[in-house]
Amino acid sequence: MSKTYDVTEKMILGFDMFLKTIFNTQKARRRSPSVDLEEIELSEEDRRDIAGLMRVNHTGEVCAQALYEGQAFVAEKQEIRESLIKAAEEEQDHLAWCYERLDQLSAAPSVLNPFFYLSSFAIGVVAGKFGDRLSLGFVEATEAQVVKHLEEHLDRIPEGDLKSRAILTQMVEDEARHGDHAIEMGGQEFPEFVKKGMRLLSKIMTETTYRV
């Protein structure tokens with residue numbers, strides 16, 4: 001009976017997380033690193049490009065929320081579940097920061113976010129079903145891809161856009177730490193061919209959400 005209740009409770013909390021993520025009501029626990037930085041005047045071309053990149057990053061954080069939720073939902077050990085939830089809480093900061101920056105750039109999140117959330121949740125559940133070691137390895141592989149992605153965006157965003165750059169720089173630090181921690185917790189590092197497949201899927205996501 002208690003096990004059934006536990007599953008039901010997790011499903012309710014999971015649905016609540018879905019709504020909060022999709023409707024952008026998640027609140028950051030940390031101040032945005034961009035708060036005290038000056039906004040610069042951007043050309044319309046630069047504004048659209050930066051907005052597209054931040055839309056991609058926002059969707060990436062939507063996916064991160066869903067992946068962690070899916071993995072935590074089926075995690076075998078309470079310690080692993082708590083670790084995944086803690087990482088997801090930091091990702092909520094990223095989600096809120098990216099959404100705030102999009103608003104400042106007069107841009108909207110991707111309309112495809114509900115689809116990416118549900119797809120990512122399903123992937124997280126599948127990864128978690130293979131056991132905690134593989135699930136944690138999936139976290140490391142995902143975070144490594146995200147870090148590479150963010151670094152490419154930092155190379156592309158104008159030096160003068162301190163606000164966007166501050167947000168992405170902090171995200172790089174947090175994502176790298178999450179990946180390292182997953183390995184420390186016993187995660188199994190994925191082979192390179194698996195990571196290549198993940199990069200291909202990531203490319204599909206970035207190309208679609210940059211504009212919509």
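The protein chain holds 7 helices and 0 strands, and its order along the sequence reads α-α-α-α-α-α-α. The model is a predicted one. Its radius of gyration is 17 Å, close to the 17 Å that the globule rule gives for 212 residues, so the chain is as compact as a globular protein of that length.

**Overall dimensions and packing**

- The C-alpha trace of the protein chain spans about 60 × 35 × 30 Å along its principal axes.
- Of the 212 residues in the protein chain, 48% are buried.
- The accessible surface of the protein chain is about 11,300 Å², and carbon and sulfur atoms account for 58% of that surface.
- When contacts between residues at least 6 apart in sequence are considered, 86% of them join residues at least 24 apart.

**Nonpolar cores**

- The largest nonpolar core has 19 residues, and those touching the most other members are Met54, Leu105, Leu150, Ile167, Leu168, Met171 and Val172.
- Two or more residues of this core come from each of helix H2 (44-74), helix H3 (78-104), helix H5 (132-156) and helix H6 (162-184).
- With 5 residues, H2 gives the most to this core.
- Another core lies apart from the largest one; it has 10 residues, including Ala75, Ala88, Leu136 and Val139.
- In soluble globular proteins, nonpolar side chains tend to be buried together.

- Beyond its neighbours within four places in sequence, Leu105 is in contact with Leu42, Arg47, Ile50, Ala51 and Met54.
- One of these partners, Met54, is listed with Leu105 among the residues of the largest core that touch the most other members.
- Ser106 is in the loop between H3 and helix H4 (113-129).
- Ser106 is not a glycine, yet its phi is positive, at about 55°.
- Ser106 counts as exposed because its relative accessible area is 63%, where the cut-off is over 50%.

**The loop between H1 and H2**

- Phe23 is placed in the loop between helix H1 (2-22) and H2, and Asn24 lies in the loop between H1 and H2 as well.
- Phe23 has a relative accessibility of 59%, over the 50% cut-off, and therefore counts as exposed.
- Phe23 forms a nonpolar surface patch of about 330 Å² together with Phe15 and Leu19.
- Asn24 has a relative accessibility of 21%, so it counts as partly exposed, given that buried means under 20%.
- Asn24 has a positive phi of about 55° although it is not a glycine.

Methods
Residues numbered from 1 in each chain as written. Predicted model: local features only at pLDDT ≥ 70, side-chain atom pairs only at ≥ 80, totals over all residues. Heavy atoms only, no water. Core = buried A, V, L, I, M, F, W, Y, C linked by side-chain atoms within 4.5 Å. Buried < 20%, exposed > 50% of the residue type's maximum accessible area, 1.4 Å probe, protein only. Helix = DSSP H or I, 4+ residues; strand = E, 2+ residues; numbered from the N terminus. Contact = heavy atoms within 4.5 Å. Patch = residues over 30% accessible without salt bridge, like charges linked within 9 Å, V, L, I, M, F, W, Y side chains within 5 Å. Areas by Shrake-Rupley, 256 points an atom, 1.4 Å probe, with all protein chains shown as cover. Salt bridge = Lys/Arg side-chain N within 4 Å of Asp/Glu carboxyl O. Rg over C-alpha atoms; globule rule 2.2 N^0.38 Å.
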